[in-house]
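Dear colleague,

I am passing on the structure below for your files.

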Amino acid sequence: MLSKRSQTDYGQYTWLSLLPIVVLLAASLMLLHFLLPSAHDTLTESYEPTKTLRFFYTYGRQVHKWGPMPAFVYAPIYAALLTFYRITGHLGQVSSRYPFGLDDPARALGRMIFSARLITLLGALSGTYYLTRTLQRRLKSGAAPVLAVLLSLSTSVVFLQPLTDSKPDGLMIAFLLFALANYAAIVLDGWTRARAIGLAFFFVASISCKELTSVTFAVPYLALMALSIARIRHDPVEGR
């Protein structure tokens, strides 16, 4: 979602931008298999995979207290696993009640929980890398953005704990990181259509996981509106 630049590409700092990824991975990797196999994700207050399965089984009518975005993220891998179970004879008549037609529900659902945790972790790591590289390019600095991201994220329990959550908090944070990268690009380098769409999409996706990030973007959006108004007054053509 970030436009190409003709200025110096800080490609030589790519290896340095991987440092936060390595630290976050080391802190979270051990939780991927924690308390599995199990029919329920007991790592936190999570209702996966039954939340997503029931959402699609009822064609979206059974909506949980949290937003539906995680269901769309997790559904493809769940569908692949269910197809495998059907082919191998481990899935009979599908039902909305436990054991849902599975002959070994704890192991099957445990694999789904593991896949949800893995997808969440990969999303958060990708968002962290995307934000780091964006700051490197826009600030034209190799080490400072890496240090800032590393210190702000790796020292926050609130950030680290949900990295492997199948609870919506993990994906909420992952989408938030992508949105922040587009926001940083807009503030540091100006508006483009791609950045505006990227900011809006990832912002809505984050809120659609859980509404907590709505507060996070209230002030930035007001700031962008004020900035746009100031630019229009200064230069009406460029401002629009």
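**Aromatic pairs**

Phe178 and Phe202 are both buried. This is a predicted model, and that applies to everything in these notes. The two rings form a stacked aromatic pair, with 5.0 Å centre to centre and 20 degrees between the planes. The pair links distant parts of the chain, since Phe178 sits in helix H8 (residues 169-189) and Phe202 in helix H9 (residues 193-209), 24 residues apart. Both rings also belong to one aromatic cluster, which is made up of Tyr130, Phe175, Phe178, Phe201 and Phe202.

In total, the structure holds eleven aromatic pairs. Another of them joins Tyr98 and Phe100 edge-to-face, at 5.8 Å centre to centre and 80 degrees between the planes. Phe100 has a relative accessible area of 9%, so Phe100 counts as buried.

**Helix H8**

H8, the helix that carries Phe178, has 21 residues. From its first C-alpha to its last, H8 reaches 30 Å, close to the 30 Å expected at 1.5 Å a residue. The helix is mostly covered, with 17 of its 21 residues buried. After H8 comes Gly190, which has a positive phi near 100 degrees.

**The largest pocket**

H4 gives the most, with six residues. By class, the lining of the largest pocket divides into 13 nonpolar, four polar and two charged residues.

**The cavity**

How many cavities of 30 Å³ or more are there? The count comes to one. The largest cavity has a volume of about 60 Å³. Its lining consists of Lys51, Thr52, Phe55, Gln62, Val63, His64, Trp66, Gly67, Pro68 and Ala71. Helix H3 (residues 50-57) gives the most to this lining, with three residues. Five of the lining residues are nonpolar, four are polar and one is charged.

Regards

Technical notes: Residues are numbered from 1 along each chain as its sequence is written. This is a predicted model: local features need pLDDT of at least 70, side-chain atom pairs count only at pLDDT 80 or more; totals for chains, interfaces and linings use all residues. Side-chain values use heavy atoms; hydrogens and water are left out. Rings of Phe, Tyr and Trp (its six-membered ring) pair if their centres lie within 6.5 Å; planes under 30 degrees apart count as stacked, over 60 as edge-to-face and the rest as tilted. Buried means under 20% relative accessible area, exposed over 50%, partly exposed in between (1.4 Å probe, protein chains only). Helices (H or I, at least four residues) and strands (E, at least two) are DSSP runs, numbered from the N terminus. On a 1 Å grid over the protein atoms alone, a cavity is a set of points where a 1.4 Å probe fits but cannot get out, and a pocket is an open set with protein on both sides within 12 Å along at least five of seven lines; lining residues have an atom within 4 Å of a point. Grid points are joined across faces, edges and corners, and a volume is the space filled by probe spheres set on the points. Ala, Val, Leu, Ile, Met, Phe, Trp, Tyr, Cys and Pro count as nonpolar, Asp, Glu, Lys and Arg as charged, and the others, Gly among them, as polar. The expected span of a helix is 1.5 Å times one less than its number of residues.
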